[in-house]
Every structure is written in C-alpha cells, then in structure tokens.
Amino acid sequence: MPASYSLQELAQHIGGELQGDANAMISSMGTLEGARSGQMSFLTSSKYKKAMSNTQATAVILKEADAAFCSTNKIIHADPYVGFAKAAQLLDSTPKPETGISEFARIHSSANIGENASIASGVIIERNVNIGKNAVIGANTVVGEASQIGDDVNLRANVTIYHRVVLGNRVSIHSGTVVGSDGFGYANDKGVWVKIPQTGTVILGDDCEIGANTCIDRGAMDNTIIGNDVIIDNLVQIAHNVTVGDHSCICGGTGIAGSSNIGKYVVIAGTCVVNGHIDICDKVQITGFSMVTKSITQPGVYSSGMPVQPNREWQKNTVRLRQIDKLIDRVKTLEGLHK
C-alpha cells in the first residue's frame, strides 16, 4: 500500500502554509481535472483556474493570490510547482528494489560492493570497480573496469558504464544510456580514417540525473566533465571533452560537439545544436531548435529556431527569402540613383 500523509505533514514538508483540515489524508498527486478524494493537486497557471473550481482533489497547492478561487483545502506556497515536486517525492509510489546481490549477477572478485547495495540479475561488474553504499544496479547493466560508482547511485536496467568512469553520489541514470563511449576522434590520412584512441574518461558530479538513451563520450586525452546537479534529458549526445557546469539543464534531442564548455545554470532546450570548441557563459537560456555556432559571453536568452506557422505563410515567406538577393540589389540601385 502506498504511504499516506496528513495535510499538516505535507505542508511542513514542502514549506507551505496550510489553510483547511490539517488531518485530511493524502496518498497521491493528481491533476486538477482528474484528481479524486485523497489526492492533492497544484495550480501554476491562471488558465487552469476554471478547472480548480470543479476539482475533486482533497487539497491544492497554490499561490496566495489564487487562494480565493479554491473551495477545497489549500497549501499556500511561493512556488507551487516546487511545492508539487517536493510533495510528489514524498508520495512517490515507484517500487523500491530489494537489497542484495542476485545469484545471476557476474561480479569480478576484485570489485568492491558497498553495504546495502542492490545488484540485479544479469549485471556485469568488471575488475577493480567500486560500488558505493545503497547503490542500485538494474538488470543487465554493465559497469566497466576500474569505474567508481558513488553512494546512493541508481542505474536502471541496461545502462552501460565504460571503463574508468566516475559517478558521484546520488546519480541517477535511466535505461539505454551509455557513459564513457569513445569520442568521435579521427585523423584523415589521404582519404583513410585513422582512429585516435580516446584515453580520457567521464566524470559526473553529485546529484545528476541522466535520461534514457543518452550518450556521454569519454575525453580524447583530458576528461569529459559533468558538474553537480546537472539534469540531462533523453536522447542527448555529449561529445568528448565537453564540460557542463553545475545546475545546468540539457533537454531532449540536443547535441553538443566536442570540447565545448557550458557554464553553470545554463538551460538548453530541446533539439538544439552546440558547435564544438566554443564557450557558453553562466546563466544562459537557449530556446528550442537553436544552433549555437559561436561563443556566448553574456547571460540572457538566445534563439535561432523558427517557430511553426501555417504552411501557406511558410511557403510565401520562403519564396520571399529566396528573392532577398534581388531585393538587396534593387535597394542598392535605388540608393545609387538618389546620390
């Protein structure tokens, strides 16, 4: 059975002010439209106020300014989305793996496994690996030679950690992700590709979360370094010798080319491309479908992607864009006539 908490306990946990029945019990979260009795929801956008007036949720997390529109129990919070996240963590019903080592795991005798670790069936742990305490290694995951896995790390099923990779504490990596694969390094000798051995590694800081089917390449000579509290979405490619600063966020489908330096508190939206050998300073936000071809030295919001528009408008604008050279020539001609 999932755990239940009183509204008073939840309000204290998320740092909010309770208005309503302190003893009402909550067992899970729900949307304003779909929540039922015993669930808690949240409001972050005014466009959902109408849904709140009809919600069946036992309680809603919201800002003080929206309290008058809520007829059920409420928890006032300065940032309802953060409040929701903290409450959802407490009410998380994700199954917890059993502690212990499966008889069907293969662990080299030189590996060191920390106390209370959970090692699932089909796991391969190679020579001289260190696994921290309370670590969870999911089914069929491979941890390569001499890798260092911190405390409270959670590697889901079918994760591949290459040799000498270092993961900090409380790192979470989802299925299908590969950390430490070779960087894309080649020299061309008269039309023939000569592979450059990738002898660096990957170092992930504490509290990182990496989504599914993401690849983080090892460095060519120096290391690829991901800072603390970095979140990386599904299907992201991070090339060799990239550095990503603390507290940054990289969204799905983005590719970062080799030897780029990403600062702290940077947010890169989905399906962006970052050129190699450039720097992005701290506190930059890059909107979706952008292509970053040169360094960014000032904090702020940057864009280059074209938003969707009706097909007829797009066709018209495309034709005009193709005619821009002719239009520029005409402007130059007219300017010459007026001189």
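1. What percentage of the 339 residues in the protein do buried residues make up? The figure is 38%. The model is a predicted one, and the points below should be read accordingly.

2. Overall dimensions. The radius of gyration of the protein is 26 Å, whereas a compact globule of 339 residues would have a value near 20 Å. Taken along the principal axes, the box filled by the C-alpha atoms is roughly 85 × 65 × 35 Å. Of the contacts with a separation of 6 or more, 17% are between residues 24 or more positions apart.

3. Secondary structure. The protein has five helices and 39 strands.

4. The nine-stranded sheet. This sheet is open, with parallel pairing, and its strands follow the order β10-β13-β16-β19-β24-β27-β30-β33-β36. β10 (112–113) and β36 (279–280) are the edge strands, each pairing on one side only. Within the sheet, β27 (residues 224–226) and β30 (residues 243–244) pair in the parallel sense, over two bridges. Ile-226 stands opposite Val-244, a residue of β30.

5. The five-stranded sheet. A second open sheet to consider has mixed pairing and the order β2-β7-β6-β5-β4. Why is one side of β2 and of β4 left without a neighbour in the sheet? β2 (17–19) and β4 (28–29) stand at the edges and have a single partner strand each, so one side of each has no neighbour there. The partner of β4 is reached through two bridges to β5 (residues 39–42), and these two strands run parallel. Met-29 has Met-40, in β5, as its bridge partner.

6. The largest pocket. Its volume is about 540 Å³. The lining comprises 23 residues, and those nearest the centre of the pocket are Asp-92, Lys-96, Asn-154, Arg-156 and Ser-172. At least two lining residues come from each of β14 (136–137) and β17 (154–155). By class, the lining of the largest pocket consists of nine nonpolar, six polar and eight charged residues.

7. The second largest pocket. This one has a volume of about 320 Å³. Which residues line the second largest pocket? They are Ala-85, Ala-88, Gln-89, Asp-92 and Glu-209. Helix α3 (residues 80–90) gives the most to this lining, namely three residues. By class the lining divides into two nonpolar, one polar and two charged residues.

8. Val-284. This residue is found in strand β37 (residues 284–286). Is Val-284 buried or exposed? Buried means under 20% relative accessible area, and Val-284 has 2%, so Val-284 is buried. Leaving aside neighbours within four places in sequence, the contacts of Val-284 are Tyr-265, Val-266, Val-267, Ile-296, Gln-298, Pro-299, Gly-300 and Tyr-302. Val-284 and Ala-11 are 273 residues apart in sequence, and their C-alpha atoms are 33 Å apart in space.

Conventions: Residues are numbered from 1 along each chain as its sequence is written. This is a predicted model: local features need pLDDT of at least 70, side-chain atom pairs count only at pLDDT 80 or more; totals for chains, interfaces and linings use all residues. Side-chain values use heavy atoms; hydrogens and water are left out. Two strands pair if DSSP finds at least two bridges between them. Helices (H or I, at least four residues) and strands (E, at least two) are DSSP runs, numbered from the N terminus. On a 1 Å grid over the protein atoms alone, a cavity is a set of points where a 1.4 Å probe fits but cannot get out, and a pocket is an open set with protein on both sides within 12 Å along at least five of seven lines; lining residues have an atom within 4 Å of a point. Grid points are joined across faces, edges and corners, and a volume is the space filled by probe spheres set on the points. Ala, Val, Leu, Ile, Met, Phe, Trp, Tyr, Cys and Pro count as nonpolar, Asp, Glu, Lys and Arg as charged, and the others, Gly among them, as polar. The radius of gyration is taken over C-alpha atoms; the globule rule is 2.2 Å times the number of residues to the power 0.38. Buried means under 20% relative accessible area, exposed over 50%, partly exposed in between (1.4 Å probe, protein chains only). Contact means heavy atoms within 4.5 Å.
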